[in-house]
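Please open the model in a viewer and keep the selection panel at hand.

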Amino acid sequence: MAEIRDWKLDETNLGRAGQIPYEVAVLPIGATEAHNLHLPYGTDTFEVEAIARRACERAWGQGAEVLLLPTQPVSVNENTLGFPWTLSLKPTTILTILRDICSSLENHRLLKLLVLNGHGGNELKPFLRELHRETEVQMVLVNWWEVAPEGHKTIFESPGEHADEMETSLLLHLAPDLVEMDRADEGKVRAPHFTGMKEGWAWISRPWDKLTTNSGVGNPAAATAEKGEQFIERVVTKIADLIVEMANEAIDDWYPYESD
Ligand SMILES: [Zn+2]
């Protein structure tokens, strides 16, 4: 029987955890959406959960009193519903979830929260601004795929955007039995007519089923489990360090800056 981990809320119990003065909560946000023809619908959830688990375990080992909250498995996919079985929450629903989680944490006086986002469709900065004066909880936001850009460039040959070499490598490392490489399809991404969109300075909420033929953006062919392991290790190390820093930082008038 595996040991019960006190840093994992869905696993520990009141008898063990009731008296632990947790300093930092971590909320992973995943998604349930099509990922090319070969990766599971839970890809974003599996990725963010594994990263959060490893980072919390490491931070706990370094003395940080961290509590990993259950992963939110569905998030904003309003523009990808054109592919079968994708599930979506409205952005305002995510705001409501965040608000209520903050309210619960505030009730327990657990006032530092790391929001670990695992899905590109979630634009969460406006929500942190919205809640800034509403809650005592001090939130830090991380989109995990932005944590190690140098690794992104050096580890992968042709990184894309969705269900690509990077995500496929991660899943080959984390859940190889759920990857059907023989179904992987290079697919086609359609170019927009607007010059501003081609140049990247004009934005639309892209209708994913018009943008791509197989829901993927990026060729997964060069993916390997080793690349996935290497990349995830870089990401986990940095996030674990952040959790330790958050745990050690007292919430005073100057948080999180140096006082004068
Ligand atoms: Zn994904």
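**Helix packing**

Begin by selecting helix H6 (residues 165–174) and helix H9 (residues 225–248), whose axes come within 7 Å and cross at roughly 95°. H6 is therefore roughly perpendicular to H9, a label given to angles of 65 to 115 degrees, with under 35 degrees counted as roughly parallel, over 145 as roughly antiparallel and the rest as oblique. Axes are lines fitted to C-alpha atoms, for helices over the stretch in contact, and angles run from 0 to 180 degrees between N-to-C directions. Helices (H or I, at least four residues) and strands (E, at least two) are DSSP runs, numbered from the N terminus.

This is a predicted model, in which local features need pLDDT of at least 70 and side-chain atom pairs count only at pLDDT 80 or more, while totals for chains, interfaces and linings use all residues. Residues are numbered from 1 along each chain as its sequence is written, and side-chain values use heavy atoms, with hydrogens and water left out.

Next, display the side chains at this contact (heavy atoms within 4.5 Å). H6 contributes Glu165, Met166, Ser169, Leu170, Leu172, His173 and Leu174, and H9 contributes Ala225, Lys227, Gly228, Glu229, Phe231 and Ile232. Seven of the residues in the contact of H6 with H9 are nonpolar, three polar and three charged. Here Ala, Val, Leu, Ile, Met, Phe, Trp, Tyr, Cys and Pro count as nonpolar, Asp, Glu, Lys and Arg as charged, and the others, Gly among them, as polar.

H2 passes H6 in a left-handed crossing, that is, with the near helix turned anticlockwise from the far one by less than a right angle, whereas clockwise is right-handed. On the H2 side, select Thr43, Asp44, Phe46, Glu47, Ala50 and Arg54; on the H6 side, select Glu167, Leu170, Leu171, His173 and Leu174.

Now show H2 with H9, where the axes are 8 Å apart and the angle is about 50°. H2 and H9 are therefore oblique to each other, and H2 passes H9 in a right-handed crossing. In this contact, Ile51, Arg54, Ala55, Cys56, Arg58 and Ala59 of H2 meet residues of H9 including Ile232, Val236, Ile239 and Ile243. The contact of H2 with H9 holds eleven nonpolar residues, one polar and three charged.

Zoom in on strand S3 (residues 112–117) and strand S4 (residues 138–143), which run parallel and are joined by six bridges. Val115 has Leu141 in S4 as its bridge partner, and Leu116 stands opposite Val142 in S4.

**Two backbone features**

Select Asn36, in the loop between strand S1 (24–29) and H2. Its phi is near 55°, a positive value in a residue other than glycine.

Finally, where is Pro256 found? Pro256 lies in the segment after H9. A cis peptide bond joins Tyr255 and Pro256, with omega about -5°.

How values were computed
Two strands pair if DSSP finds at least two bridges between them.
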